[in-house]
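Have the structure open beside you as you read.

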Amino acid sequence: MHLLPIIATLRRHRTAATLIVLEIALTCAIVCNAVFIIGDRLARMERPSGIVEDELLRVEITGIGTDRTDAAAVTAQDLNALRTIPGVKSTAVANMVPFGDSSWNEFISTVPDDPSPAFTTGVYTGSQDLLETLGVQLVAGRGFTPDEYVDFAAARSRKARVASVIVTRGVAERLFPGKNPLGQTVYLTGHDPTTIVGVIERLARQYQANDPKVAAYAMVLPVTVPYTIAHNYLLRVNPTRRAEVLAAVDATLTRVDPSRIILERQTFGDIRAKFFRQDRAMAWLLVGVSLALLIITALGVIGLASFWVQQRTRQIGIRRALGATRGDILRYFQTENFLLASAGILLGMALAYAINLWLMHAYQVDRLPGTYLPAGAVLLWLLGQVAVLGPALRASLIPPAVATRTV
Amino acid sequence: MFTYYLDLARRSFRRNTALTVLMVVAIAFGVGASMTTLTVLHVLSADPIPGKSGDLYLVQLDPRTAANIIAGAEPPEQLTWFDADALLRDHRADRQAIMTGGSAAIEPDRAGLVPFFAEGRWTSAQFFAMFRVPFAAGGAWTEDDDARRARVAVISRALSEKLFGTVDVVGRAIRVEGAQLRIVGVIDAWRPTPHFYDLFVGAYDTTEQLFVPFSTSRELKLQHSGSNDCFGETPDPEALGAPCVWLQFWVELDSKAKATAYRDYLVHYSEQQKAAGRFTRPANVRLRDVRDWLDFKQVVPRDARLQTWVALGFLLVCLINTVGLLLTKFLRRSVELGVRRALGASKRSIFLQLVVEAGTIGLAGGALGLGLAWLGLWAVRQQPTSYAELAQLDLPMLAATFGLAIITSLCAGLLPAWRACQVAPAVQLKSH
């Protein structure tokens with residue numbers, strides 16, 4: 001195949017060729033970045049929580065009236081009543097849930113009264129069965145013993161000491177890199193020193209920072225919190241009976257104490273879907289735009305190629321008459337498209353990189369991995385070849401006799 | 001002449017229906033996507049209180065301990081109860097209000113209604129006048145009510161209608177967390193967007209349903225919602241002397257001179273507190289008006305901006321696509337144009353003819369794009385985001401859509417028309 005005649009032809013159609021190259025370049029750049037962001041959002045939506053999501057139900061509840069002295073007793077009654085619902089394996093109070101709507105955080109440090117503690121962790125507390133109900137995985141040390149638990153009001157007024165804490169592996173590694181975290185002392189703002197007694201693999205917090213590591217900094221304190229402050233009951237159930245249990249929750253809680261308001265009854269799937277709805281919407285929008293861009297670009301290539309085939313009908317006829325085969329004509333248009341696509345892709349790569357730089361600066365997007373660029377290139381080459389095939393085949397079918405006719 | 005050009009354009013379209021449709025649809029999608037996202041952006045970055053946003057200021061003080069000090073670093077965005085209370089009592093601004101978000105259980109008297117939770121705002125008397133809150137019945141409580149911790153409440157029209165079926169409820173009682181409050185006013189539809197006076201409860205949150213004097217809310221221990229940051233130890237983060245910031249304090253100052261004077265007053269107050277040993281850092285105050293505050297907090301969601309850029313990029317590709325196709329189409333008609341030139345048509349009239357053809361495509365695309373934008377906004381409203389229902393096409397955005405459609409069509413048409421009318425008639429006639 002001789003490239004020179006093709007290039008010479010393209011030079012005569014410089015403006016149109018430039019435009020299609022620009023279109024391919026922009027499409028390449030936008031689609032590369034869009035796919036990257038889609039992947040990023042999907043990864044966010046799939047962030048592991050460390051808990052047995054399939055088995056968990058959450059009931060958000062609040063009392064009426066602010067002077068409820070019987071809150072702790074009612075909480076215990078609630079937990080017992082909920083446990084009797086068929087299908088429920090265990091129940092617990094929780095002050096927050098991963099990807100929920102309320103968030104408890106504390107600064108944590110290895111030195112007392114640290115004036116500039118490096119980071120915060122999510123603080124989970126609730127009732128004795130919390131770890132068991134969440135189904136988190138203990139990787140070192142032990143769980144809390146019943147005598148370690150202190151009451152929330154007593155802990156807050158410092159009448160009782162919170163002596164032990166269980167942290168996630170991420171927190172342990174950040175505080176004590178390369179060391180055994182068990183038995184180490186940590187300091188939480190406004191609390192007495194606390195000893196790490198256990199390490200759990202993972203427990204996501206409510207606050208989902210960009211950095212997935214930071215988003216999973218959490219600890220569990222042996223503090224019992226009444227439902228009037230914690231607001232969440234968690235039910236670990238047999239996954240096949242989730243609907244059935246959810247339906248029984250309201251009546252069960254009302255039997256214990258009718259003067260309360262149940263705000264939410266959710267499966268963990270509901271919580272996840274609600275928390276990441278923005279990410280999902282963005283991902284779908286980008287999928288839509290990317291597809292639309294590829295379609296428009298393909299149609300643009302088809303349109304341009306069709307015009308050029310029509311325009312060059314006589315020229316093609318002459319070439320056929322002079323001995324060019326159908327394959328030659330077909331390949332001519334395919335090569336022409338390959339050249340245009342290549343120029344577009346080359347420009348598109350630079351543009352994709354530039355857009356990514358700007359996104360990194362303005363929207364805290366990560367650096368585009370190198371693998372996206374060749375993938376984008378192959379995609380656009382294929383797109384161009386598929387798009388041009390129709391017009392090129394039509395060109396190859398032009399009979400040599402056309403050369404003898406006037407157009 | 002114009003109708004003749006239109007007729008020529010029509011003939012040209014009919015020669016290549018599929019291509020014409022492609023060009024129109026491409027422009028329509030580009031315009032539709034851009035206008036959908038631009039409208040959302042326009043709504044999200046609107047002035048929440050037009051005409052007054054320059055006179056309302058949020059007060060920031062720095063009561064934190066001296067440890068780890070960075071000179072001039074941003075002070076906390078909320079105040080301690082102690083400071084907010086002191087500023088409220090000093091009464092140095094034209095109007096001022098202390099406030100926090102909250103929620104409370106309401107027990108209806110009406111048969112068939114079960115107790116429910118309502119979003120509330122615990123604030124002080126001048127809140128309503130300061131933010132120009134419209135009343136459907138009654139009015140605000142008085143500063144005397146604030147001082148006496150009076151058991152009064154202002155409720156929203158929606159809450160009033162839900163509880164009583166009417167807005168004519170001034171003087172009646174509402175049961176909040178077990179306490180009886182006397183209703184003094186019912187506010188009419190009012191939804192400042194963004195929810196500028198308290199961004200902690202959600203930047204695009206709906207307006208609260210229940211308003212209670214802040215002093216009363218403390219006595220009733222009504223729940224606080226939003227953020228509460230403590231910079232020291234405390235058994236109760238919501239106590240008067242607690243080292244915790246959780247209250248917003250807004251002031252109204254109707255001139256720049258007053259704003260300067262108020263800022264001086266805040267500096268003076270900080271120095272006084274430092275002298276008294278309460279503050280440990282040098283005076284570090286901020287007094288931002290509504291615009292500055294919203295800019296500083298970057299309330300417009302990043303995704304909304306990103307979506308706008310994506311849509312504009314999409315429009316650009318659609319535009320280039322159309323320019324490319326029009327250009328090839330026009331150049332292919334060089335012979336026809338050459339004949340017209342040879343028969344006496346001026347370059348100008350050829351140019352006009354082609355611009356009319358391109359413009360028609362652009363306008364058709366723009367009109368279709370408007371429909372798509374309308375559809376797009378409908379889709380946005382179906383999203384479960386807090387600002388979804390705000391995504392409406394208003395007059396300025398309608399005008400902007402037309403503007404964008406016309407600019408797009410001109411951009412799409414000018415270059416091809418200009419290139420095509422450069423044909424030398426003799427060459428075209430000779431070669432065929």
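## Domains, chain contact and one tryptophan

Chain B is split into two parts: domain 1, covering 2-45 + 301-430, and domain 2, covering 56-297. Keep in mind that this is a predicted model. The centres of domain 1 and domain 2 of chain B, taken over C-alpha atoms, are 50 Å apart. Where the two domains of chain B touch, 4 residues of domain 1 are in contact with 4 residues of domain 2. On the domain 1 side of that contact in chain B, 3 residues are nonpolar and 1 is polar, with no charged residue.

Now to the meeting of the two chains. Chain B brings 41 residues to the contact, and chain A brings 41 residues as well. On the chain B side, helix H2 (17-44), strand E3 (116-123) and helix H10 (302-332) each supply at least two residues. Which of these gives the largest share of the side of chain B that touches chain A? It is H10(B), with 19 residues.

The table sorts the residues of the side of chain B that touches chain A by class.

| Class on the chain B side | Count |
|---|---|
| nonpolar | 23 residues |
| polar | 9 residues |

Finally, a look at chain A. A:Trp284 sits in helix H11 of chain A, which spans residues 277-311. Is A:Trp284 buried or exposed? A:Trp284 counts as exposed because it has 12 C-beta neighbours inside 10 Å, and the cut-off for exposed is 12 or fewer. Between the C-alpha atoms of A:Trp284 and A:Thr195 there are 46 Å, and the two residues are 89 residues apart along the chain.

Definitions and conventions:
Residues are numbered from 1 along each chain as its sequence is written. Chains are lettered from A and ligands numbered from 1 in the order in which they are written. This is a predicted model: local features need pLDDT of at least 70, side-chain atom pairs count only at pLDDT 80 or more; totals for chains, interfaces and linings use all residues. Helices (H or I, at least four residues) and strands (E, at least two) are DSSP runs, numbered from the N terminus. A residue is buried if 20 or more other C-beta atoms lie within 10 Å of its own, exposed if 12 or fewer, and partly exposed in between; C-beta atoms are placed from the backbone. Domain bounds come from an automatic or database domain assignment. Two residues are in contact if their C-beta atoms, placed from the backbone, lie within 7 Å. Ala, Val, Leu, Ile, Met, Phe, Trp, Tyr, Cys and Pro count as nonpolar, Asp, Glu, Lys and Arg as charged, and the others, Gly among them, as polar.
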